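Subject: Structure handover

Hi,

Here is the structure I promised to pass on. My notes on it follow below.

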Amino acid sequence: MAGSEQEFSFKLLQQVNQGLSSARNIGILNATGEYIFFLDSDDEIEINFVETILTSCYKYSQPDTLIFDYSSIDEFGNALYSNYGHGSIYRQKDLCTSEQILTALSKGDLPITAWSFVTKRSVIEKHDLLFSVGKKFEDNNFTPKVFYFSKNIVVISLRLYRYRQRPGSITSNHPEKFLSDAIFVTYDLLDFYDQYKIRELGALVGSRVMEILSSFPDSKKLYNELNPIRKKVFKDYISIEKRHTKRIKMYVFSSYVGYKLCNRPVRFCCKVFQKIYFIVKLRKKTERTE
């Protein structure tokens, strides 16, 4: 192209629908660029997305990975309130280590979704990272691996991604259909933790376990299946927690909100824990503002 315009090349790949994981893997295996980004078909990126990413790459001398904040939108593109992610990690101004990012991930301060970052193709290829084909929640055991192998990570505070939430999705209305997938990716993440043995990964495994258990508070079968994982990462999970919530979470995590608590119904105990937890969080926030 003439003048100051830059020429971009595109490669369109087509295959029989085999699910999101398979499509992403095909993209990884055929990618030729220096960086890889996963954009879901329903979502959008801000108009300055590419420019901002490139500017940060030049500024920080080609970091391994870049993370950025996001906005939620409805099916018509209207802004929606969201409280998942958006943590204090986005106020970091310097390069972060993989340990810092994994800690933020375990606390829900940033999304675990594959669209929440841009990473070097070499990071993925060097460590043979691919998505689990045919499984839902495939981001849960892929994103942490990318962050672990990224030794310098740039944090961009801007909301560069627009995540579209559609009512009546299968995973939101029938989560029990994908329970086995959630267990599968959790055990896969546990295997990764067993290989590298750092507490930030253990804490992340613990947070995944608690998230699944809290989604199915009446399932003793599920509790019995995930209980071995809970015991294995207990110390790492607790060690990451801050002083204000450490004792409460240690008690809840060790007994799982009720199976050993005076024979109280689990759902009731979950509600009690949620109230206590948010009171502590509110008190902590108040102390910071005083």
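A salt bridge here is a side-chain nitrogen of Lys or Arg within 4 Å of a carboxyl oxygen of Asp or Glu. The side chains of Arg 24 and Asp 139 meet that rule, with N and O 2.6 Å apart. Please keep in mind that this is a predicted model.

**Salt bridges**

By this rule the count comes to 14 salt bridges. Arg 24 also pairs with Asp 40, where the closest N and O atoms are 3.0 Å apart. Asp 40 sits in the loop between E1 and strand E2 (44-45), and Arg 24 in helix H1, so the bridge ties together parts that are 16 residues apart in sequence. The Arg 24 and Asp 139 pair links distant parts of the chain. Asp 139 is in the loop between H4 and H5, 115 residues from Arg 24.

Are these side chains buried or exposed? Arg 24 is buried, at 6% relative accessibility. Asp 139 is buried too, with a relative accessible area of 10%. Both values fall in the buried class because the cut-off is under 20% relative accessible area. The bridges join up as well: Arg 24, Asp 40, Glu 138 and Asp 139 are linked in a network.

Helix H8 holds another pair, Glu 211 and Arg 208. Their side chains meet in a salt bridge at 3.0 Å, N to O. The two are three residues apart, or about one helical turn. An α-helix has 3.6 residues a turn, so residues three or four places apart point the same way. Glu 211 is partly exposed, with a relative accessible area of 42%. Arg 208 counts as buried, at 9%.

**Helix H1**

H1 covers residues 20-30. Its buried residues are Ser 21, Ser 22, Arg 24, Asn 25 and Ile 28. Seen down the helix axis, they fall within an arc of 160 degrees, so they line one face of H1. What covers them includes strand E1 (35-37) and helix H4 (121-126).

**Nonpolar cores**

Which residues have the most contacts inside the largest nonpolar core? They are Phe 38, Ile 67, Ile 101, Leu 110, Phe 142 and Phe 147, in a core of 46 residues.

Phe 142 deserves a separate look. Leaving aside neighbours within four places in sequence, Phe 142 is in contact with Ile 28, Phe 38, Phe 117, Ile 124, Leu 129, Leu 130 and Phe 131. One of these, Ile 28, is among the buried residues of H1.

**Surface patch**

Leu 39, Ile 45, Val 50, Leu 54 and Tyr 58 form a nonpolar patch on the surface. Together they have about 480 Å² of accessible area. Helix H2 (residues 49-59) gives the most to the patch, with three residues. Leu 54 is in H2. Leu 54 is partly exposed, with a relative accessible area of 39%.

**Two more residues**

Tyr 237 lies in helix H10 (residues 234-240). Tyr 237 is buried, with a relative accessible area of 7%. Tyr 237 and Leu 204 are 33 residues apart in sequence and 7.2 Å apart in space, C-alpha to C-alpha.

Thr 97 is in the loop between strand E4 (79-80) and H3. At 34% relative accessibility, Thr 97 counts as partly exposed. Which residues are in contact with Thr 97, leaving aside neighbours within four places in sequence? They are Lys 151 and Ile 153. Thr 97 and Phe 149 are 52 residues apart in sequence and 10.0 Å apart in space, C-alpha to C-alpha.

Best wishes

Key:
Residues numbered from 1 in each chain as written. Predicted model: local features only at pLDDT ≥ 70, side-chain atom pairs only at ≥ 80, totals over all residues. Heavy atoms only, no water. Buried < 20%, exposed > 50% of the residue type's maximum accessible area, 1.4 Å probe, protein only. Helix = DSSP H or I, 4+ residues; strand = E, 2+ residues; numbered from the N terminus. Arc of directions from axis to C-beta. Contact = heavy atoms within 4.5 Å. Patch = residues over 30% accessible without salt bridge, like charges linked within 9 Å, V, L, I, M, F, W, Y side chains within 5 Å. Areas by Shrake-Rupley, 256 points an atom, 1.4 Å probe, with all protein chains shown as cover. Core = buried A, V, L, I, M, F, W, Y, C linked by side-chain atoms within 4.5 Å.
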